[in-house]
Amino acid sequence: MTFKTKLLLITILPLIAVSLLIGGATYYQSRELINAETRSVEQRILAAKRQEIRNYVDLALTSIQQIYADEPGGPESAKDKVREILHNLTFDYDGYFFVYTLDGTNVVHPKLPHLVGGNWWDLQDDNGDYVIRNLISQATGGGGFHHYVWHKPSTGTVEEKLGYAILLDKWNWMLGTGLYTDDIAKEVAAIRAEFTRSIRQTLFVIFMITLATIIIAGSLIAGVRFSEQRFADSKLKELTNRIFQVQEQERKRVSTELHDSISQLLVSVRYGVELIHSEANRDPGLQGHAAKCLQTLDGTIAEVRRISRDLRPSVLDDMGLSAALGSLGKEFQNQSGITVNVTAEQCHSRLPEGAKTALYRVVQECMTNVARHARASEVTISLKVGLQNLVLCVEDNGVGLPRPLPKSGGLGFRNMRERIETYGGKLTLSRRGPGGTKIKVQMPLDNVSAKAA
């Protein structure tokens, strides 16, 4: 696991955990609030309905009070008048009054007339509740409420109902009425749905805030990581460039020492051996040894000069990049037998010395690779100088690059690319059409120097 991944996990996982805890706590508290609020609403509505039912019962008692108290025409006549009044006394569409005797016989029921005259003491609702006997029990106990399910006239369905019964003790009648409470369930369901929607919106907001925070944190971490990586890359490039500069300085110093010191000493020794050779006419053996020494010295001097030239070609400092590339091509052709075609334009002072050295080293590395791997018979080196940049191409007709084409190349190719990128250039590696390899370098030029020239 990378450091970047660990940093992301350390930052984001606690954030996700806290968000989940907040979301869970919010959901739990909201559900509790919904339950408490719906219970409170239900209790308020039930209290209002109880008061409403009492008012209706008081209204019914007021309507029959005079007849019930005085019994004009006798008890039976008074009962008939009361039954008629209660039968016609309705409210809303589903509100009505009913009357039962204490043995469960129905006396008044305007909505379900088939019940009148029947004994319903053992009548049970869909929940198994003995409706009539429980209402009579509430009435004989001083009046009270009772919940049950009953036929609703307006819908034809069975719904929850809150009934209230009182006792007309002179006639042994139970007088009752009630209100259906299905509207309470609908209102409570609507409130619960509204609260649930609010909870979902809250949880969605928490999720979006968490997601946005994760994205911002990830972006910041990635930005910091990218900035650190760019800073490290820039420092690494500076270090690499400094290493190349130190290498070139050391090569130049060693090359100068070889050329100016050791080479001169070897030439002086050669003069001495040549003098011995010329003076050894009387001794053929000594003359032969002197000749071998001269031959060895000539080879040594040539090798020292080659090493000196490889370390730092003096023609690059004295005559410029164009001449140095021409000299490199001729020397490579003489040593390897591979035909080298060089076309190089002068760039004068539009390139810094370090850039010239980098381009020369790229060509030198290419020549080494051709000699070792390409099995080519011809190499073309071209250097074209434009208004804003120069283009250097090295092509051969050898066996070409392996398939698939390497993305980054070997160590030599990376070194070449780093050298070129140090001076703002770009190096690409590709195959030639008929076969072989092509290395192309593009590097910006100093336009100020061009105008001055």
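Which elements each supply at least two residues of the lining of the largest cavity? Strand 1, helix 3 and strand 3 do. Helices (H or I, at least four residues) and strands (E, at least two) are DSSP runs, numbered from the N terminus.

Before selecting anything, note that this is a predicted model, in which local features need pLDDT of at least 70, side-chain atom pairs count only at pLDDT 80 or more, and totals for chains, interfaces and linings use all residues. Residues are numbered from 1 along each chain as its sequence is written, and side-chain values use heavy atoms, with hydrogens and water left out.

**Stop 1: the largest cavity**

Select F98, Y100, H109, V131, I132, L135, Y148 and W150, which line the largest cavity. A cavity is a set of points, on a 1 Å grid over the protein atoms alone, where a 1.4 Å probe fits but cannot get out; lining residues have an atom within 4 Å of a point. The space inside is about 50 Å³, a volume being the space filled by probe spheres set on the points, with grid points joined across faces, edges and corners. The structure holds 2 cavities of 30 Å³ or more. Helix 3 gives the largest share of this lining, 3 residues. By class the lining has 7 nonpolar, 1 polar and no charged residues (Ala, Val, Leu, Ile, Met, Phe, Trp, Tyr, Cys and Pro count as nonpolar, Asp, Glu, Lys and Arg as charged, the others, Gly among them, as polar).

**Stop 2: helix 3**

Buried means under 20% relative accessible area, exposed over 50%, and partly exposed in between (1.4 Å probe, protein chains only). Just after helix 3, G142 has a positive phi of about 105°.

**Stop 3: salt bridges**

A salt bridge is a side-chain nitrogen of Lys or Arg within 4 Å of a carboxyl oxygen of Asp or Glu, and the count by this rule is 6.

Select R133 and D122, whose side chains form a salt bridge at 2.4 Å, N to O. The pair links distant parts of the chain, 11 residues apart: R133 is in helix 3, and D122 is in the loop between strand 2 (106-108) and helix 3. R133 is partly exposed at 25% relative accessibility, while D122 is exposed at 52%.

Next, select D182 and K152, a salt bridge with its closest N and O atoms 2.9 Å apart. D182 belongs to helix 4 (residues 182-279) and K152 to the loop between strand 3 and strand 4, 30 residues apart. Both D182 and K152 are buried.

Then go to E353 and K356, a salt bridge at 3.8 Å, N to O. They are 3 residues apart in helix 8, so about one helical turn separates them. E353 is partly exposed at 46%, and K356 is buried at 9%.

**Stop 4: positive phi in loops**

Most residues other than glycine have a negative phi. E71, in the loop between helix 1 (3-70) and helix 2 (75-88), has a positive phi near 50°. R375, in the loop between helix 8 (353-374) and strand 7 (378-385), has a positive phi near 55°. R375 is exposed, with a relative accessible area of 69%.

Methods:
On a 1 Å grid over the protein atoms alone, a cavity is a set of points where a 1.4 Å probe fits but cannot get out, and a pocket is an open set with protein on both sides within 12 Å along at least five of seven lines; lining residues have an atom within 4 Å of a point.
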